[in-house]
Amino acid sequence: MPEMPEVDALVGFLRQKCVGAVVAEIELASFAVLKTYDPPLQAFAGLAVTDVVRHGKFIDLDIDGLHLVIHLARAGWIRWADKLADTRLKMGNGPLAMRVRLDAGEGPHVGFDLTEAGTRKGLAVYAVRGPQEVPGIAALGPDPMAPDFDLRPLLNRKMQIKRLLRDQKIIAGIGNAYSDEILHAARLSPFAIAEQLEDDEVERLESAVREVLSAALSAAAGKPAAELKDDKRSRMRVHGRAGQRCDVCGDTIREVVFSDTSLQYCPTCQTGGKILKDRATSKFLK
């Protein structure tokens, strides 16, 4: 799933490619992906893209005051083309969900396709008059990279810290991968309870949030969309590396598997050498 650093890089990429171009047409290949009906997609034709911004993990294209907002969910992605095919999309069950055709002033249309791999569909597009009309944006917590972001008040919850970091209503933009990386950098168990953290643990967590996300944002910035997934995987220290050696201490990275997701951690770095129980029905180490 693309998280804040990848979405931020996609926003920068789209801003560079799209701003100033005029929407020729927005083609739909999946009714399920479009979550709104007013304004209609036809209303965007002939309007110019004036900006592209990020809200948490949402991509917001400002198109002369109307907004096309995209949430890539678990398996969605953006595929840019400097020359789009002339053939029109057909409704179907394939990975292609939507195409945005842009007139850049000369030559054939440029633009991008929205795709989604797999059978579990979560990709969402909202055509709205303002980003706050999107429920997920209206409910977002603070952005951890904002200058005034303060983590401490958000920790006053009897909630596992891994879950807290991923909750978009508490903190915007962090998902499964970067929460694993942050907790490894902070040397904290993913099942530690937020309100029970000691002062030194909170300080380590604050530093880890800033350092991990800042490094990821810098690494992803300027990369084309096609390179972002592989770049993200190459930078992970624990996430997606179960069974491999920890680069910090040399211990074997472990995994906890749930019904629809998993997490990875280093026992030596994060849990005092203890192995966390697997499956949601187990008694977790705190």
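Helices are DSSP runs of H or I with at least four residues, numbered from the N terminus. Just after one such run, helix 1, Gly-20 takes a positive phi of about 100 degrees. The views below show a predicted model.

**View 1. The open sheet has 4 strands in the order 1-6-7-5.** Pairing in this sheet is antiparallel. Strand 1 (22–28) and strand 5 (76–81) are at the edges with a single partner strand each, so one side of each has no neighbour in the sheet. From one strand to the next, the twist averages 15 degrees.

**View 2. Strand 1 runs antiparallel to strand 6.** The two are joined by 6 bridges, and strand 6 covers residues 96–103. Within this pair, Glu-25 stands opposite Arg-101 in strand 6.

**View 3. Helix 1 (residues 4–18) lies across strand 5, strand 6 and strand 7 (110–116).** The helix runs at about 30 degrees to strand 5. Helix 1 has 15 residues and reaches 20 Å from first C-alpha to last, close to the 21 Å expected at 1.5 Å a residue. Its buried residues include Val-7, Leu-10, Val-11, Phe-13, Leu-14 and Cys-18.

**View 4. Helix 1 packs with helix 5 (residues 199–220).** Their axes are 8 Å apart, at an angle of about 35 degrees, and the crossing is right-handed. Met-4, Pro-5, Asp-8 and Ala-9 in helix 1 meet Leu-213, Ala-216, Leu-217 and Ala-220 in helix 5. By class, this contact has 7 nonpolar, no polar and 1 charged residues. Of the residues of helix 1 in this contact, Met-4, Pro-5 and Ala-9 are also among the buried ones.

How values were computed: Residues numbered from 1 in each chain as written. Predicted model: local features only at pLDDT ≥ 70, side-chain atom pairs only at ≥ 80, totals over all residues. Heavy atoms only, no water. Pairing = 2+ DSSP bridges. Axes fitted to C-alpha atoms, helices over the stretch in contact; angles between N-to-C directions. Contact = heavy atoms within 4.5 Å. Expected span 1.5 Å × (residues − 1). Buried < 20%, exposed > 50% of the residue type's maximum accessible area, 1.4 Å probe, protein only. Left-handed = near helix turned anticlockwise from the far one by under 90°. Nonpolar A, V, L, I, M, F, W, Y, C, P; charged D, E, K, R; others polar.
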